[in-house]
Amino acid sequence: MNRKIMIVDDNEYVRASVDIICESGQLDLTSAASGMECLQRLKEGFRGVILMDIMMPEMDGWDTIREMVDRDLYQGNIVVMLTGMGEPDSKMEGLQEYVSDYMTKPFNPDELLDSLEYYLTLLNTPVDNHER
Amino acid sequence: MKHLKMATEKVPILLVITAVAIAFVMMVANRLVLEQIREEAVRQASRQQESSMAAFWEQTSRHGNLFHIEDGRMILGDYYVLNDSNEIPDRIFHITGSRATIFMGDTRIATNVMKADGTRAIGTRLIGPAYDTVFRQGMRYRGSVDILGIPYFTAYDPIRDPSGKVIGALFVGVKQSEYLARYNGIAVKITAINGTLAAIFVLFAVLLILNRRHSEKEIRTQLLFQQHLLDTIPSPIFSKDALGRYNLCNKAFQSYVGLTREELIGKSVFELWPEELAQRYYDMDREIMEATGTQIYESQVRYADGSLRDVMFHKASFRDEHGTPGGLVGVILDITERKAAEKERSLMEAQRHRSRMMELLLIQLNHDLNTPLTPLFALLPMIRRKVEDAGVDRMLEICQQCVNQIQGLAGKTFDLVRISSDRPRLLPVNLAVAADSALGDVSNALAERGVICCNAIDPELKVLGSAEQLTLLFKNLLGNAARYAAQNGKVVLSTTSREDEIVVSVRDDGVGLDREHLALIFDEFYKADSARHDLTTQGLGLAICKRIVINHDGMIWAESPGPGLGTTIFFTLKGDSSGDPLPVLYDI
């Protein structure tokens, strides 16, 4: 059963706290400090639930999703966006269909774990209803 | 305009004088020519009389060469009696066309000169200068003579007897009237032709004058119209001639400089303004007159009424057909209001820019605040779960609450920025659904204090608004109610209709407010005393509510019977009339 989670966030402490939460929930976490790194992990074969920060330097969350789709790296993943409130959303046009959920920062550890468990279940269900 | 008038007045007089002069010259020339023709005619008449006389003598010589008087009769040759011998004068008349007479002494004895009654003038006498010349001086006479009152061109030759004594005379002559008839005909024709020409010329001059008068009238009308048009234009307009003198201005220009048209026209800048200023104007005008095209520049001028105004000068030189500068025209545009509007606009633009910058800053701040909050928010509960020491747990609880407060503040501040920055599109929204959505968000807070919420809003009621903002509005109001309602109290949401407005009320049974606080609670960061030290609030909730209601063109206010007696917040929204059944249209 796939219990792989990837956190894509440029903030080291966010990544670290997600790591701690995932560890407490026995989830297998991969950390990526940038969009580029996320794509690299995907190329190396990562498939799972991706927690994607939107506001990142150079390549933001939306750019990363576009690249995933363009490079055929999207299949087999579920993307949950991590948003601060009121971040610019003009770039999400046409990309929303690739996003399964939005999680507002800061988040409660229990809520996060509940969400991740839910999407992992979805990912591991043989019916490909999460694929678009 | 005066110069033009003078010029147009001079021209007709000149024209008339010229016309009359030409007519006069023609008449004089006519006269001279006719005089010459007449002189020639008279000379011809004299020559004719000379040859007639020669013919007369030739005729008489056929009968003899000697004349004498015998028994009261004049005899030619030996026997030819000349008395009543009219055939000789008649032959002369036939040959030459001249009348002829034979005188014995001074008496006509044979003649074809007729008396008034048509009979021959036999027996009448010769008088006057011809008589004197022929009979007294014994010489021949040539010239004009009145015969029986009618003027003749004449020739008299004395007849002498063999002793040389003058005994009579031969006469030939033509009536001047008959002889000059042809000349008179010519004279009449020439006079008529010349007269007609002179008349045509004068007529032409008159027509020209009339035409000019008409053109002048048209020009005057046009000038009048032009002046009227200029006076109607609110911008000062003027023009100057090549010497820099004003030759045109409108009313706006007069009030601009505070001088009348009469005081301005024909004056140069040196006659109107102080030397130094005039010299500056003069130099500027020179520059413009020498340049081509329109010169536009902005300036600030003081009108005659004392007002300082921003103006734009448009000046251009005008040139005649040879390209010589003939003066300049100028228009002054008052752009004071435009300037003020521009300034206002740029101020507003700057204000908008500042707001936008502030907004971006707050968004950035919100993000930057949320990022470090995320680990704190995520890790604190986990740490507390691992801590067994009650004292440490209490400390962590305080930390947790501080983090909550920071997060709440960031969220609320962001809410306020977002709803302030853009005005939402107002669409039909189900009000009860928006309230329910908010209730879901605050249900935990309500449950914590055992507060029951009763949503009594008509489930079908629709208002014009933004679903997102209305939900936020209810969330803030219910959040407040959850905080200030009585323990295990009750919050009631209800509506009433007032004309096209919906009045929504959120009533709690909590702490209530005194009069002085009622108006202040909608201010940013205001907290009622009891809440001043409440770390879970930010004092922004009702300010956000107020902003949202303003965005919906509504009003918000609070009512409270007093402290401890509960508070009701009211706000108004526009009802959605589009949901009403459509009026039935009948085809007529």
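I count a residue as buried if 20 or more other C-beta atoms lie within 10 Å of its own, and as exposed if 12 or fewer do. The model I am reading is predicted.

**Entry: helix 4 of chain A**

I looked up its length. Helix 4 of chain A has 16 residues. From first C-alpha to last, this helix reaches 22 Å, close to the 22 Å expected at 1.5 Å a residue.

Which residues of helix 4 of chain A are buried? I find Pro109(A), Leu112(A), Leu116(A), Tyr119(A), Leu120(A) and Leu123(A). They cover an arc of only 105° around the axis, so they sit on the same side of helix 4 of chain A.

**Entry: the contact between chains**

I then turned to the contact, which takes 19 residues from chain A and 18 residues from chain B. On the chain A side, helix 1 (12-24) and helix 4 (109-124) each supply at least two residues. Helix 1 of chain A gives the largest share, seven residues. By type, I get eleven nonpolar, six polar and two charged residues on that side of chain A.

**Entry: chain B**

I looked up the partner last. Chain B holds 15 helices and 20 strands. Of its 588 residues, 26% count as buried.

Conventions: Residues are numbered from 1 along each chain as its sequence is written. Chains are lettered from A and ligands numbered from 1 in the order in which they are written. This is a predicted model: local features need pLDDT of at least 70, side-chain atom pairs count only at pLDDT 80 or more; totals for chains, interfaces and linings use all residues. Two residues are in contact if their C-beta atoms, placed from the backbone, lie within 7 Å. Helices (H or I, at least four residues) and strands (E, at least two) are DSSP runs, numbered from the N terminus. Ala, Val, Leu, Ile, Met, Phe, Trp, Tyr, Cys and Pro count as nonpolar, Asp, Glu, Lys and Arg as charged, and the others, Gly among them, as polar. The expected span of a helix is 1.5 Å times one less than its number of residues. The arc is that of the directions from the helix axis to the C-beta atoms.
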